[in-house]
Each structure stands twice: as C-alpha cells, then as structure tokens.
Amino acid sequence: MRKSRLPLRSDGGSHNPDESAEKRHRILRALREQLDHHPAIANAHGIPDGYYAEVRTDIDPRYFGHDADTATFRVTWHPNPTFPPRTSLEDRKRTSLTANFAFHYSESSGFDCGWHLEPNPHVSGHLHSQERESPDENYVYDEFTLTATSVVGVLWEVLDALEARLREEESP
C-alpha cells in the first residue's frame, strides 16, 4: 500500500487523484462499519467486494413508521471529484466539504429521497436533498446545510435527516 505525504482533508480528499479509488474504498468501508450500528440497517455491504465503489444496505422502513415492505439505502463517496465544465469548488455552498457524495433511500412503495453533494442543474450549489413519491414523478429538490465536516459525521447527520423526514409524515 502506498502512503500519501499529502495532508488528508476531513472528508477524505487530498490533492493526489491517483489515490482516489483506494481512499474511496477505505471511506466506504468505514461508512459500512458505521451503518452496521444503526438499528434499522441490516446487511450493509460494499460493491464490488474488496474494492468498494458504493455501499448498499437493506433498511427497515417500519423503524421509521413507514408501511413499505422493503427499503434500501445506498451510499457513494468520491474524495477527489472531477467537476463538469463551468462548475468548481466555488459552487459549494452550505458546507466546507470538497468530496462528492450521495446517500439515497428507496422504498418498495416507490418513495425515494436522498442527500447529495454533487453538481446538479436543478439546484443552486452542489449540496441538496431530493425526493419523489413514485418513480413516475419528477424529483423535488431542496437546499440543505451540513454542519459535519468528517465522513462519519456526514453519515450520521444524513441518517438523522432521513429519520426526521420519514417520521414527519407520522406527525399530525
């Protein structure tokens, strides 16, 4: 394993793009281990095995008061993203993170929602949430703000946001 002399940023990024895949795997492995501690998560696993590009989990929607039969939670993390033309880190608003990520929840009912930090032409800045009630509908996008600056902190902050979003439908 090659060691980096470059300082790591709190979100796992560095200025050496050659190390992105290895760092991505280490970050996703750490996130998979954290996901194993959430009471609604079962079967967190990295894909592909041994060289993660994403983490997928089965998640119990009933834990959040939802009636769907099944749900999944998918995580991607890119510590050293490349940006499309005319976008850059200058487009980062509401967070100091430089990595790209996606945390996405999908139910068998068709409802899905996610928290993403990546370029998207539908929102100002890269940090946004999105959701739709069914695959036939367009996503509704909203801005949100992250206070976490570490990879694990972002995961738990997003899981808190997911729980708040899913439980708000329970409130009268």
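Reader: How far apart are the closest N and O atoms in the salt bridge that Glu 133 forms with Arg 165?
Author: The model is predicted; local features require pLDDT of at least 70, side-chain atom pairs count only at pLDDT 80 or more, and totals for chains, interfaces and linings use all residues. Residues are numbered from 1 along each chain as its sequence is written, and side-chain values use heavy atoms, with hydrogens and water left out. A salt bridge is a side-chain nitrogen of Lys or Arg within 4 Å of a carboxyl oxygen of Asp or Glu. For Glu 133 and Arg 165, the closest N and O atoms are apart by 3.9 Å.

Reader: How many residues apart in sequence are the parts tied together by Glu 133 and Arg 165?
Author: Glu 133 lies in the loop between β6 and β7 (140–143), whereas Arg 165 lies in helix α2. Helices (H or I, at least four residues) and strands (E, at least two) are DSSP runs, numbered from the N terminus. The pair therefore ties together parts whose separation in sequence, in residues, is 32.

Reader: Is Arg 165 buried or exposed?
Author: Buried means under 20% relative accessible area, exposed over 50%, and partly exposed in between (1.4 Å probe, protein chains only). Arg 165 has a relative accessibility of 11%, so Arg 165 counts as buried.

Reader: Which residue forms a salt bridge with Arg 167?
Author: The closest N and O atoms of this bridge are 2.9 Å apart. Both residues lie in helix α2, four residues apart, about one turn of the helix. Arg 167 is partly exposed at 27% relative accessibility, and the partner is Glu 163.

Reader: At what distance from the ring centre does Arg 167 lie over the face of Tyr 63?
Author: A charge sits over a ring if NZ of Lys or CZ of Arg is within 6 Å of the ring centre and within 35 degrees of the ring normal. Tyr 63 also belongs to a cluster linked by ring pairs, together with Phe 64, Tyr 105 and Phe 111. Arg 167 lies over the face of Tyr 63, and the distance from the ring centre is 5.4 Å.

Reader: How many aromatic pairs does the structure hold?
Author: Rings of Phe, Tyr and Trp (its six-membered ring) pair if their centres lie within 6.5 Å; planes under 30 degrees apart count as stacked, over 60 as edge-to-face and the rest as tilted. The number of aromatic pairs in the structure is eight.

Reader: What is the angle between the planes of Phe 101 and Phe 103?
Author: These two residues form an aromatic pair that is edge-to-face, 5.1 Å centre to centre. Phe 101 is buried, with a relative accessible area of 1%, and Phe 103 is buried at 0%. The angle between the planes is 65°.

Reader: Which residue is joined to Pro 48 by a cis peptide bond?
Author: Pro 48 is found in the loop between β1 (41–47) and β2 (54–59). The omega of the cis bond is about -10°. The residue joined to Pro 48 is Ile 47.

Reader: What is the phi of Asn 43?
Author: Asn 43 is placed in strand β1 and is partly exposed, with a relative accessible area of 48%. Although Asn 43 is not a glycine, its phi is positive, at about 60°.

Reader: What separation lies between the C-alpha atoms of Phe 83 and Glu 118?
Author: Phe 83 lies in the loop between β3 (71–78) and β4 (100–107) and is partly exposed, with a relative accessible area of 25%. Beyond its neighbours within four places in sequence, Phe 83 is in contact (heavy atoms within 4.5 Å) with residues including Leu 89, Pro 119 and His 126. Phe 83 and Glu 118 are 35 residues apart along the chain, and their C-alpha atoms are separated by 8.6 Å.
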